[in-house]
Amino acid sequence: MKRARIAYDGAIHDATEHDGRLLLTDGRRVDFDAVVWLPPLAPVPWPRTILALGLNYADHAKELAFKAPQEPLVFLKGEGSLIGHRAHTVRPAGVDTMHYECELAVVIGKAAKKVKRADAYDFVAGYTVANDYAIRDYLENWYRPNLRVKNRDTGTPLGPWLVDTADIPNPMNLALRTTVNGKVTQSGSTRDMIFDLPFLIEYFSDFMTLNPGDLILTGTPDGVVDCQPGDVIVTEIEGLGALMNTITAPALTPTLSQREREKASR
Amino acid sequence: MNAFPILAAGTVYGVLLNAKEEWDAWAAQMSEPPYQAPPQAPVLYIKTANTWSVCGSAIVVPARAPEVEIGASLAMVIGTAAQQVAAAEALAHVAGYVLVNDLSLPHASYYRPPVKYKNLDGFLGIGPRLVTPAEVGDPARVRLEVRVDGTLRQTVDCAQMLRPAAQLIADVSEFMTLRRGDVLLLGLGAQRPLARAGQRIEIRAAGHAALGTLTHTLVAEAA
């Protein structure tokens with residue numbers, strides 16, 4: 001089953017994919033382009049943990065001139081950076097490099113603490129596609145990748161669907177690809193991950209409890225390129241669907257930096 | 001986690017190297033590998049919900065770590081969203097303050113995100129209560145005292161933060177919105193004390209009785 005969370009007709013709804021349309025829980029059927037797509041996640045009572053992997057594909061590590069890590073390079077993201085399918089992501093004014101990252105995102109289904117790799121899949125609710133944008137201009141070597149690079153508003157599109165585990169018998173053998181304005185710029189397979197999903201669940205749950213609704217973004221293969229306002233970025237994973245996003249300039253142009261605002265207000 | 005009416009919704013963000021004394025201690029290394037340059041933006045990290053511990057609870061120290069580092073701080077709970085706010089207006093976005101104990105496993109490198117050191121279950125003590133901005137007044141006047149088994153081990157002077165509360169909110173909100181319910185820690189003091197299983201930690205703010213005393217006992221992980 002492919003599950004979505006959408007805004008339609010003045011309310012937020014859970015929906016499922018049905019014959020190329022969305023089926024709402026009250027029986028209404030609506031077209032994909034008639035709704036606003038939200039991240040396909042049920043609300044949780046506490047802020048969800050969003051773990052994200054860096055350099056988890058050997059080719060991408062090489063692309064960024066790093067040797068493959070000996071243990072997972074993990075960073076955390078806040079929920080405030082998530083947006084849904086068909087939304088817009090802001091490219092800050094004046095930056096040189098903003099790149100997409102097509103990633104398999106894993107949604108935890110039940111509380112996982114000290115889980116062994118053989119049991120790891122029992123704790124997964126499903127899968128979706130994440131686009132974990134990075135603004136490389138802001139990279140600093142302190143808790144790198146730092147939040148100014150990776151935790152910006154609109155910086156993490158997620159969706160369109162949460163796909164049940166039953167529909168994805170082997171998430172470690174899915175083709176990934178990204179297109180920019182229709183041209184393929186990134187392609188790979190989840191089988192090339194350095195640390196696979198069972199490893200990651202065992203590794204994280206050894207020291208932190210993963211709760212239902214928590215996310216693991218499992219990293220991206222090579223093939224990242226700069227994106228500019230107006231570019232349409234589609235990150236797609238076999239069996240999970242295609243997550244579309246459009247780059248946009250900041251709404252306020254020119255954006256006054258905070259310091260400039262303060263100078264102006266003096 | 002149902003005992004957290006004060007932290008229902010948001011993400012908890014901490015900041016590294018905000019205490020002047022800690023910055024000064026690191027200054028000589030900042031231009032060396034792997035850092036190459038002093039940090040420009042606030043260096044943030046996240047304390048996930050699995051780390052939250054209510055006041056008075058026992059916090060489990062993993063078997064692999066003989067000692068944990070105590071991170072006393074003053075937490076600012078955001079009341080109205082702060083997005084690219086100026087420092088002059090920043091404190092208007094704070095709904096209240098609460099004491100926290102941001103525990104870490106000691107780690108010598110600040111190069112990679114500290115998830116496996118800072119996001120262990122129970123590793124953020126919070127409480128005992130959320131206090132209004134009017135009761136706290138200027139957060140720079142808060143001085144935190146850390147006691148381990150009754151002995152004073154550290155004093156954190158919030159006046160010594162390189163980015164005071166308002167400037168920190170402004171500089172963070174420049175690149176990400178602090179949403180209602182999000183929490184931003186003002187920073188940790190330098191020379192953070194260590195404690196081990198069996199010890200009792202108390203954090204209070206001298207002269208700010210309303211903030212109360214945040215207490216925890218460390219316990220060893222069951223074999």
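This is a predicted model: local features need pLDDT of at least 70, side-chain atom pairs count only at pLDDT 80 or more; totals for chains, interfaces and linings use all residues.
**View 1. Two domains make up chain A.**
Domain 1 of chain A covers residues 1–38, and domain 2 of chain A covers 40–265. The C-alpha centres of these two domains are 24 Å apart. Where they touch, domain 1 of chain A gives eight residues and domain 2 of chain A gives 13. Two strands of chain A, strand 1 (2–8) and strand 5 (36–38), each supply at least two residues of the domain 1 side. Strand 1 of chain A gives the most to that side, with four residues. What kinds of residue does domain 1 of chain A bring to this contact? Four are nonpolar, four are charged, and none is polar.

**View 2. Chain A meets chain B.**
This contact uses 31 residues of chain A and 40 residues of chain B. On the chain A side, several elements supply at least two residues each: strand 7 (73–77), helix 2 (147–150) and helix 4 (258–265).

**View 3. Chain B as a whole.**
Chain B has five helices and 14 strands. Along the principal axes, its C-alpha atoms fill a box of roughly 50 × 45 × 30 Å. How does the radius of gyration of chain B fit that of a compact globule? A compact globule of 223 residues would have a value near 17 Å, and chain B has 16 Å, so the two agree. Of the 223 residues of chain B, 48% count as buried. Now take the contacts in chain B between residues at least 6 apart in sequence. Of these, 78% join residues at least 24 apart.

**View 4. A covered strand in chain B.**
Strand 6 of chain B spans residues 72–78, and seven of its seven residues are buried. In a regular strand, side chains alternate between the two faces of the sheet. Look at each face of strand 6 of chain B in turn. One side holds B:A72, B:L74, B:M76 and B:I78, and the other holds B:S73, B:A75 and B:V77; all are buried.

**View 5. The neighbours of strand 6 in chain B.**
Strands of a sheet pair through backbone hydrogen bonds, either parallel or antiparallel. Strand 6 of chain B runs antiparallel to strand 7 (residues 94–102) of chain B, and seven bridges join them. Strand 6 of chain B also pairs with strand 11 (residues 183–185) of chain B, again antiparallel, over three bridges. Which residues stand opposite B:V77 in these strands? In strand 7 of chain B, B:V77 faces B:G96. In strand 11 of chain B, its bridge partner is B:V183.

**View 6. An open sheet of five strands in chain B.**
The strand order is 4-14-13-9-10, and the pairing is mixed. Strand 4 (58–61) and strand 10 (151–157) of chain B are the edge strands, each pairing on one side only. On average, neighbouring strands of this sheet are turned by 25° against each other, direction ignored. Within the sheet, strand 13 (residues 200–205) and strand 14 (residues 213–220) of chain B pair antiparallel over five bridges. In this pair, B:I201 has B:H216 of strand 14 as its bridge partner.

In chain A, a cis peptide bond joins A:G159 and A:P160, with omega about 0°. A:P160 sits in strand 14 (residues 156–164) of chain A. In chain B, a cis peptide bond joins B:G127 and B:P128, with omega about 5°. B:P128 is in a loop, between strand 8 (124–126) and helix 4 (133–136) of chain B.

**View 7. Positive phi in chain A.**
A:D19 is not a glycine, yet its phi is positive, about 50°. A:D19 lies in the loop between strand 2 (11–18) and strand 3 (21–24) of chain A. A:L55 is another residue other than glycine with a positive phi, near 55°. The place of A:L55 is the loop between strand 6 (50–54) and helix 1 (58–63) of chain A. Is A:D19 buried or exposed? A:D19 has 6 other C-beta atoms within 10 Å, so it counts as exposed. A:L55 has 21 other C-beta atoms within 10 Å, so it counts as buried.

Methods. Residues are numbered from 1 along each chain as its sequence is written. Chains are lettered from A and ligands numbered from 1 in the order in which they are written. Domain bounds come from an automatic or database domain assignment. Two residues are in contact if their C-beta atoms, placed from the backbone, lie within 7 Å. Ala, Val, Leu, Ile, Met, Phe, Trp, Tyr, Cys and Pro count as nonpolar, Asp, Glu, Lys and Arg as charged, and the others, Gly among them, as polar. The radius of gyration is taken over C-alpha atoms; the globule rule is 2.2 Å times the number of residues to the power 0.38. A residue is buried if 20 or more other C-beta atoms lie within 10 Å of its own, exposed if 12 or fewer, and partly exposed in between; C-beta atoms are placed from the backbone. Two strands pair if DSSP finds at least two bridges between them. Axes are lines fitted to C-alpha atoms, for helices over the stretch in contact, and angles run from 0 to 180 degrees between N-to-C directions.
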